[in-house]
Amino acid sequence: MSLEGWLVFAGFWVVFVTSPGPNAVNCIRNGLALGLPRALIGVTAILTQSALFLALSAAGISALILHAPGALLIAKLAGAAVLIWLGIRSWRAAERPLSGGDEGAGSVWLKAFLIATINPKSVAGYLAAFTQFVEPDLPISRQMWAIVPTSLLITATSYSGYTALGAWLGTRALGVVGQTRVRRLLAGCFLLYGLALGASALPFGEME
């Protein structure tokens with residue numbers, strides 16, 4: 001990968017992982033509930049998902065998934081259901097005292113991994129990285145030495161920042177009302193993402 005190609009890829013990846021989405025919302029929520037050190041467990045789950053999807057994209061499997069309408073439809077509907085469920089659950093729990101300290105590390109990691117995986121945007125994003133920025137005349141294995149460290153470093157920096165934001169909010173003297181509003185805002189984001197994902201699976205605009 002040339003220097004120019006690497007710079008373009010790095011810029012694309014910054015936009016891809018810093019755009020607010022379910023991962024960012026979950027990182028903020030973890031930081032608010034768990035504090036920075038424990039909440040970073042969720043970031044390691046996102047990095048695991050990122051490494052997995054990079055490997056699948058390099059092997060060409062992401063392209064097959066993207067062009068399988070039935071699989072994408074199931075993934076979108078399942079992802080929408082999970083996000084809406086998380087939104088409703090978080091909204092109902094917003095008025096209760098934070099109890100994140102009772103959540104085990106395995107649970108935090110698994111929830112973050114599932115949220116990172118269920119959004120079909122991930123498949124499209126990783127596939128775009130390989131179709132647009134990988135140079136076809138060079139072996140993919142050689143280019144992965146540039147792609148993998150760059151993407152994982154940017155991903156870690158972005159979601160650690162979102163987690164730190166949540167932890168900072170947790171240290172502020174927001175009071176009960178303030179914390180409830182913040183937590184309901186995050187819950188509302190989950191609901192909106194879930195509804196948008198579900199709507200994208202419906203055949204709007206198709207005319208006979």
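This is a predicted model: local features need pLDDT of at least 70, side-chain atom pairs count only at pLDDT 80 or more; totals for chains, interfaces and linings use all residues.
Q: At what angle do H2 and H6 pack, and how far apart are their axes?
A: Two packed helices are described by the angle between their axes and the distance between the axes. Here helix H2 (residues 22-34) and helix H6 (residues 105-118), both DSSP runs of H or I with at least four residues, pack at about 160° with axes 9 Å apart, the axes being lines fitted to C-alpha atoms over the stretch in contact and the angles running from 0 to 180 degrees between N-to-C directions. H2 and H6 are therefore roughly antiparallel, a term for angles over 145 degrees.

Q: Which residues of H2 meet H6?
A: Contact means heavy atoms within 4.5 Å. Pro22, Asn23, Asn26, Arg29, Asn30 and Leu34 of H2 meet Val108, Lys111, Ala112, Ile115 and Ala116 of H6.

Q: How are H3 and H6 oriented to each other?
A: Helix H3 (residues 36-58) packs with H6 at about 40°, their axes 8 Å apart, and the two are therefore oblique, the class left once angles under 35, over 145 and from 65 to 115 degrees are set aside. Among the H3 residues that meet H6 are Arg38, Gln49 and Phe53.

Terms used. Residues are numbered from 1 along each chain as its sequence is written. Side-chain values use heavy atoms; hydrogens and water are left out.
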